[in-house]
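Reader: I would like to learn how to read a model of this kind, feature by feature. Where should we begin?

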Amino acid sequence: MQPADERFWAALLRAHDAPELADLVCRPSWMARAACRAHPGVSFFPVRGESTGAPAKAICRSCSVLAECYAYAVEHEERGIWGGTSERERRQLTRRSAAAS
Ligand code: SF4
């Protein structure tokens, strides 16, 4: 499914009050290979005052879809640990990348 198609279906399903279905239908195929799926007890969304997400980042380091996950998180401005980075780290990396180009 192309990103434009994903946005169309997501918008349609959300408009019809089915946000969970929208997320399920429009989920990128690489998510099926996500290493975090095998670790439901590990938090990938640490809240303020909790750990830095180190256990989640350790799982990410062995994940075969780390690059796809990172790119997705940047594109969708996701919160939490994605692609082995926190939201703050992704913002810093994006700024550095923009400054270097
Ligand atoms: S990189 Fe981390 S957050 Fe992303 S799919 Fe893999 S294990 Fe999950």
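Reader: What pLDDT does the protein average?

Author: pLDDT is the predictor's confidence in each residue, from 0 to 100. Where pLDDT is low, the predicted coordinates should not be read in detail. Here the protein averages 85, and 81% of the residues score at least 70.

Reader: What share of the residues in the protein is buried?

Author: A residue is buried under 20% relative accessible area, exposed over 50%, and partly exposed in between (1.4 Å probe, protein chains only). Of the 101 residues in the protein, 28% are buried.

Reader: How many salt bridges does a search of the whole structure find?

Author: A salt bridge is a side-chain nitrogen of Lys or Arg within 4 Å of a carboxyl oxygen of Asp or Glu. The search finds three. In one of them, the side chains of K57 and E89 meet at 3.0 Å, N to O. K57 lies in helix α3 (residues 54-61) and E89 in helix α5 (residues 87-100), so this pair ties together parts that are 32 residues apart in sequence. K57 counts as buried at 15% relative accessibility, while E89 is partly exposed at 28%.

Reader: Which residues are linked in a network of salt bridges?

Author: The network links R79, E87 and R91. R79 pairs with E87, with the closest N and O atoms 3.4 Å apart. E87 also forms a salt bridge with R91, where the closest N and O atoms are 3.4 Å apart. Being four residues apart in helix α5, E87 and R91 are separated by about one helical turn. As for accessibility, R79 is exposed at 59%, E87 is partly exposed at 24%, and R91 is partly exposed at 43%.

Reader: Which residues surround the ligand?

Author: A residue is near a molecule if one of its heavy atoms lies within 4 Å of it. The residues around the ligand are A34, A35, C36, F44, C60, C63, V65, L66, C69, I81, W82 and G83. To sort such a shell by class, Ala, Val, Leu, Ile, Met, Phe, Trp, Tyr, Cys and Pro count as nonpolar, Asp, Glu, Lys and Arg as charged, and the others, Gly among them, as polar. By that scheme, the shell holds eleven nonpolar residues, one polar residue and no charged ones.

Reader: How much space lies in the second largest pocket?

Author: Rolling a probe the size of a water molecule over the atoms shows where empty space is left. On a 1 Å grid over the protein atoms alone, using a 1.4 Å probe, a pocket is an open set of points with protein on both sides within 12 Å along at least five of seven lines, and lining residues have an atom within 4 Å of a point. Grid points are joined across faces, edges and corners, and a volume is the space filled by probe spheres set on the points. The second largest pocket holds about 520 Å³.

Reader: Which residues of its lining lie nearest the centre of the second largest pocket?

Author: The second largest pocket is lined by 16 residues, and P46, V47, R48, S86 and R88 lie nearest its centre. The largest share of this lining, four residues, comes from α5. By class, the lining divides into three nonpolar, five polar and eight charged residues.

Reader: Where does E77 lie, and what is its phi?

Author: E77 lies in the loop between α4 and α5. Its phi is positive, about 50 degrees, although E77 is not a glycine. At 69% relative accessibility, E77 counts as exposed.

Reader: Is G80 buried or exposed?

Author: G80 is buried, at 15% relative accessibility. It is found in the loop between α4 (66-76) and α5. G80 and S43 are 37 residues apart in sequence, and their C-alpha atoms are 8.9 Å apart in space.

Reader: In which helix is the place of A73?

Author: A73 is in helix α4, and it is buried with a relative accessible area of 1%.

How values were computed
Residues numbered from 1 in each chain as written. Predicted model: local features only at pLDDT ≥ 70, side-chain atom pairs only at ≥ 80, totals over all residues. Heavy atoms only, no water. Helix = DSSP H or I, 4+ residues; strand = E, 2+ residues; numbered from the N terminus.
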